[in-house]
Amino acid sequence: MTRTTQSHANAVTTLIASATGFYQRGWMLGTGGNLSVALRDDPVVFLVTASGRPKGKLGPADFVEVDAAGAALSPDAPKPSDETLIHAALYRQTNAGAVYHVHQISAALCSTLDEAQGFVELTDIEMLKGIGVPARAVARIPIVDNDPDIPALAREIERVMNPEVPAVLIRRHGVYTWGPTADDAHRHIEILDYLFEYRCRLAQLGR
Ligand SMILES: [Zn+2]
């Protein structure tokens with residue numbers, strides 16, 4: 001199956017729309033988080049947010065085209081996101097058309113709540129269907145340590161990721177997801193927030 005790709009111009013529009021929506025929901029405050037969309041396949045080229053740009057006011061100059069190894073294609077390009085290597089790893093492991101990473105408070109809380117067991121387990125929740133998991137199935141979302149060594153963090157995400165459950169939590173930090181298209185990745189971010197909130201509120205209720 002070939003990877004879904006977008007033109008550079010469409011990818012910029014898509015990523016600004018997603019980032020603006022996520023910012024308004026408090027999921028990409030400040031410069032937090034990073035988003036990418038595939039532009040070409042085999043070898044993959046993707047467009048990723050530049051490092052250190054405020055996610056509530058991104059413009060067309062705030063994105064960088066990078067190769068399969070996460071290196072900028074143009075020497076004049078701004079510096080890609082610090083976490084670009086994680087995007088490269090997820091494109092390598094999946095047929096994703098987009099990889100999204102946000103700093104949801106629900107994700108940070110859930111990864112704290114379940115840090116000892118190393119995964120968040122969710123089952124019998126209707127909204128699981130929104131990330132492609134049958135509602136009655138048991139979905140385990142892995143939690144990796146928040147390693148400041150990004151190449152090591154990328155290797156760890158690559159090791160623990162489950163293609164059937166498109167999410168990996170970084171402990172006390174945020175979540176990565178991916179999908180066949182940017183619309184899928186965007187939906188996954190919304191649904192994951194619901195699922196993490198559900199998990200946290202259930203714990204508050206002592207369940
Ligand atoms: Zn982050």
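Trainee: Which residues of helix H3 (residues 105-113) are buried?

Mentor: In helix H3 the buried residues are Ser106, Ala107, Ala108, Cys110 and Ser111, where buried means under 20% relative accessible area, exposed over 50% and partly exposed in between (1.4 Å probe, protein chains only). Helices (H or I, at least four residues) and strands (E, at least two) are DSSP runs numbered from the N terminus. This is a predicted model, in which local features need pLDDT of at least 70 and side-chain atom pairs count only at pLDDT 80 or more, while totals for chains, interfaces and linings use all residues. Residues are numbered from 1 along each chain as its sequence is written, and side-chain values use heavy atoms, with hydrogens and water left out.

Trainee: What do the buried residues of H3 pack against?

Mentor: They pack against strand S5 (119-123), S6, S7, S8 and H5. For helix H4 (residues 150-160), the buried residues are Ile150, Ala152, Leu153, Ala154, Ile157 and Glu158, and their cover includes helix H2 (84-93), strand S6 (138-144), S7 and S8.

Trainee: Why is Val12 called buried?

Mentor: Val12 has a relative accessible area of 8%, which is under the 20% limit, and therefore Val12 counts as buried. Val12 lies in helix H1 and, leaving aside residues up to four places away in sequence, touches Leu47, Pro60 and Phe63, a contact being heavy atoms within 4.5 Å. The buried residues of H1, Val12 and Leu15 among them, pack against strand S1 (34-40), strand S2 (45-49), strand S3 (63-66), strand S4 (98-102) and helix H5 (182-204).

Trainee: How do you know what span is expected of helix H1?

Mentor: The expected span is 1.5 Å times one less than the number of residues; H1 (residues 8-24) has 17 residues and reaches 24 Å from its first C-alpha to its last, close to the 24 Å expected.

Trainee: What makes His101, His103 and His173 donors of the zinc ion?

Mentor: Donors are N, O and S atoms within 2.8 Å of the metal (3.2 Å for Na, K and Ca), and sites may look incomplete because water is not among the atoms. The NE2 atoms of His101, His103 and His173 coordinate the zinc ion at 2.0 to 2.1 Å, so they meet that limit. Along the chain the donors follow the spacing H-x1-H-x69-H.

Trainee: Are His101 and His103 buried, partly exposed or exposed?

Mentor: His101 is buried because its relative accessible area is 0%, whereas His103, at 31%, is partly exposed.

Trainee: Why is Asp42 called exposed, and what sets its backbone apart?

Mentor: Asp42 has 71% relative accessibility, which is over 50%, so Asp42 counts as exposed. Asp42 also has a positive phi of about 55° although it is not a glycine, and the peptide bond from Asp42 to Pro43 is cis, with omega near 0°. Most residues other than glycine have a negative phi, and most peptide bonds are trans. Asp42 is found in the loop between S1 and S2.
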